Amino acid sequence: MANRELQLNSGMKCAKYMLIIVSFMFALTAILLIMVGTTIQAIFGDFSVFIDGHFSSPPALLIAIGFILIAVAMLGAYGAVKESVMLINLYGVCLFLVFILEVSAAIAAFVMQSQVRGMLMRTMHEALAQYDHDPYVKAGVDLMQSGLECCGVTEPEDWKDNYAPNKNLTLGSDDVVVPNSCCGSTVPDLNDDLMGTCVETFDYGCFRKMNFIVSQSAMLIATGATTVAFVQLLGVLCAFMLAKTLRRNKSIREARRWQLQQSLGVLISGGKMAPPQNSAVTGYQQLDNGEQGSHEPYTYTPQSPSVN
């Protein structure tokens, strides 16, 4: 009996510690999701001039999933410490809901990736056309060209029809004036230290680099959410299996406790302990009514030797 009780307690502790470890791993995963989502959202924010508004939804959803997953992991760890079957089942249900959210984020990211090329081609040409009229667009284009070391959409000649200085009639047909953000190398001006003369511009357009950045960001969201989603599904199965194990072990433990009480002749009624009437613990025996007549229904016979 002692060996069985020891095995039962060992099984309960193993299941409890396993769930705590799984919850801790999910908490670390949630932190990684928050970091990835925040980084991608920051990148999209820097190039918000060229990225449609709905593209910010997947990284925002990834951040929300991370915070939800931290709360769910804390619920699982608390349920494991308290050995609460109800909390562990609730933990499994919440993990399944998080799994649905992650699948949704992955699907949105895959759809977003297929739209990146067409979106960038449209928004970048629109930005070049508004460069001289909108300061916000001008700042975004300059940031893109100086940060990515590129010029124009596909080539520097894209500025020929979109930059005001190119409308000067004195320029040759092959001459193209580009903004200062396209300049890769400058020579200081002898008359003004703050000004410089551009001697070399970037030779490549920005579309290729922008397409790579946005596409890889979408792919990172899609693959990350998909991977974590399948891990979450395993976590759901693990949580329900552990809850079943805890429920069975608790049932077995309660049944053995009841058997032990029965073997000692102890009955539990209303929270009070009372020994049975025909027990050696009471020191008397109840006899049938027929043995003593109708006027004396009960007779108590000592079962223990006299004190004297």
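Two disulfides are counted in the structure, a disulfide being a pair of cysteine sulfur atoms within 2.5 Å. The structure is a predicted model, in which local features need pLDDT of at least 70 and side-chain atom pairs count only at pLDDT 80 or more, while totals for chains, interfaces and linings use all residues. Residues are numbered from 1 along each chain as its sequence is written, and side-chain values use heavy atoms, with hydrogens and water left out.

A disulfide is a covalent bond between the sulfur atoms of two cysteines. The link of Cys 150 and Cys 206 is right-handed, with 100° about the S-S bond. Distant parts of the chain are linked by this pair: Cys 150 lies in the loop between α5 (135-148) and β1 (183-188), Cys 206 lies in the loop between β2 (196-201) and α6, and the two are 56 residues apart. Helices (H or I, at least four residues) and strands (E, at least two) are here DSSP runs, numbered from the N terminus. Cys 150 and Cys 206 are both buried, where buried means under 20% relative accessible area, exposed means over 50%, and partly exposed lies in between (1.4 Å probe, protein chains only).

Cys 151 is joined to Cys 182 by a disulfide with an S to S distance of 2.2 Å. The torsion about the S-S bond of Cys 151 and Cys 182 is about 90°, so this disulfide is right-handed. Cys 151 and Cys 182 each lie in the loop between α5 and β1, so the pair ties together parts that are 31 residues apart in sequence. Both Cys 151 and Cys 182 are buried. The loop between α5 and β1 also contains Glu 149. Most residues other than glycine have a negative phi. For Glu 149, however, phi is near 55°, a positive value in a residue other than glycine.

Two packed helices are described by the angle between their axes and the distance between the axes. Axes are lines fitted to C-alpha atoms, for helices over the stretch in contact, and angles run from 0 to 180 degrees between N-to-C directions. The axes of α3 and α6 come within 8 Å and cross at roughly 165°. Helices α3 and α6 are therefore roughly antiparallel to each other; angles under 35 degrees count as roughly parallel, over 145 as roughly antiparallel, 65 to 115 as roughly perpendicular and the rest as oblique. The crossing of α3 past α6 is left-handed, a term used if the near helix is turned anticlockwise from the far one by less than a right angle, with right-handed used if clockwise. By class, the contact of α3 with α6 comprises 27 nonpolar, seven polar and two charged residues. Ala, Val, Leu, Ile, Met, Phe, Trp, Tyr, Cys and Pro count as nonpolar, Asp, Glu, Lys and Arg as charged, and the others, Gly among them, as polar.

Phe 99 lies in helix α3 (residues 85-114) and is buried, with a relative accessible area of 16%. Not counting residues up to four places away in sequence, Phe 99 touches Ala 229, Gln 232 and Leu 233, contact meaning heavy atoms within 4.5 Å. Phe 99 and Gln 232 are 133 residues apart in sequence, and their C-alpha atoms are 5.9 Å apart in space.

Helix α4 (residues 116-129) packs against helix α6 (residues 207-263) at an angle of about 135°, with the axes 10 Å apart. That angle makes α4 oblique to α6.
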